Amino acid sequence: MNPIIRKAKRSDVAAIFALIQELALYEKAPEQVTNTADQLAIDLFEKYRCEAIVAEKENQVVGFALYYTSYSTWKGACLYLEDFYVIESERQHGIGQLLFDSVLKTAKDRKVQRMDWQVLTWNEPAIRFYEKQKAILDPEWLNGRLFF
């Protein structure tokens with residue numbers, strides 16, 4: 001059965017949050033997840049701070065992408081892909097490509113100037129995926145971050 005890529009619904013929040021926790025485990029940082037499913041629901045469906053799409057296969061959410069509009073003083077409106085993830089058993093079946101293409105289409109439809117994301121330097125499968133997309137992986141910029 002082919003996966004369906006669709007806009008996330010409130011009823012998907014628990015599944016999306018479980019995938020977020022699985023992603024954090026994959027990235028060797030599960031203790032860093034301080035968000036909650038309840039807050040995610042508020043941010044997605046009440047405050048509209050971000051948006052998400054899901055990949056659904058046989059009535060199960062097997063992947064997601066979460067993104068939001070960002071802004072560049074040099075370029076204008078941009079789209080930031082915060083995370084996208086596919087469960088391990090469904091990788092190598094094109095689901096990641098479908099999710100990425102859907103986010104890319106959203107960026108183009110909104111006529112943003114660029115799409116941004118981050119990838120960990122050790123995540124070779126993700127790096128290879130982005131290289132296949134002809135993405136620029138810029139080693140020049142350092143990430144700055146403050147926690148509150």
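Select Glu 56 and Val 61: Glu 56 stands opposite Val 61, which is in strand E3. The model is predicted, so local features need pLDDT of at least 70 and side-chain atom pairs pLDDT 80 or more, while totals for chains, interfaces and linings use all residues. Residues are numbered from 1 along each chain as its sequence is written, and side-chain values use heavy atoms, with hydrogens and water left out.

**The sheet**

Strand and helix names follow DSSP runs numbered from the N terminus (helices are H or I with at least four residues, strands are E with at least two). Now select residues 60–72, which are strand E3, together with strand E2; 7 bridges join the two, and they run antiparallel. Strands count as paired if DSSP finds at least two bridges between them. In general, strands of a sheet pair through backbone hydrogen bonds, either parallel or antiparallel.

E2 and E3 form a hairpin with 2 residues between them. In the turn, Glu 58 has a positive phi of about 50°. Select Asn 59 next, in the loop between E2 and E3. Asn 59 is not a glycine, yet it has a positive phi of about 65°. Is Asn 59 buried or exposed? Asn 59 is exposed, with a relative accessible area of 73%. The cut-offs are under 20% relative accessible area for buried and over 50% for exposed, with partly exposed in between (1.4 Å probe, protein chains only).

Move to E2, residues 51–57, where 7 of 7 residues are buried. On one side are Glu 51, Ile 53, Ala 55 and Lys 57, and on the other Ala 52, Val 54 and Glu 56; both faces are covered.

Show the whole sheet: 5 strands form an open sheet in the order E1-E2-E3-E4-E5, with mixed pairing. Which strands are at the edges? The edge strands are E1 and E5 (115–116), and each pairs on one side only. E4 and E5 pair in the parallel sense over 2 bridges. To find this pairing, select Tyr 80, which stands opposite Asp 116 in E5.

**Two residues beside the strands**

Select Glu 51 in strand E2. Its side chain makes a polar contact with the side chain of Arg 110 (2.7 Å). A polar contact is a pair of N or O atoms within 3.5 Å; within protein, one must be able to donate a hydrogen and the other to accept it, and residues adjacent in sequence count only if both atoms are side-chain atoms. Leaving aside residues up to four places away in sequence, Glu 51 touches Lys 7, Leu 44, Ala 65, Leu 66, Tyr 67 and Arg 110. Contact here means heavy atoms within 4.5 Å.

Lys 75 is in the loop between E3 and E4. Lys 75 and Arg 114 are 39 residues apart in sequence, with 7.9 Å from C-alpha to C-alpha. With residues up to four places away not counted, Lys 75 touches Gln 113 and Arg 114.

**The aromatic rings**

Select Phe 84, Phe 100, Trp 117, Phe 129 and Tyr 130, which form one aromatic cluster. Rings of Phe, Tyr and Trp (its six-membered ring) pair if their centres lie within 6.5 Å; planes under 30 degrees apart count as stacked, over 60 as edge-to-face and the rest as tilted. By this rule there are 10 aromatic pairs. One of them is Phe 84 with Phe 129, a tilted pair at 5.7 Å centre to centre and 50° between the planes. Phe 84 is in strand E4 (residues 76–86) and Phe 129 in helix H4 (residues 124–132), so this pair links parts of the chain 45 residues apart. Phe 84 counts as buried, at 17% relative accessibility, and Phe 129 is buried with a relative accessible area of 16%.

Phe 100 lies in helix H3 (residues 95–109) and Phe 129 in helix H4, so the pair ties together parts 29 residues apart in sequence. At 4% relative accessibility, Phe 100 counts as buried.

**A charge over a ring**

Finally, select Lys 28, in the loop between helix H1 (13–26) and helix H2 (37–45). Lys 28 counts as exposed, at 61% relative accessibility. The charged end of Lys 28 sits over the ring of Trp 122, 3.8 Å from its centre. For this, NZ of Lys or CZ of Arg must be within 6 Å of the ring centre and within 35 degrees of the ring normal.
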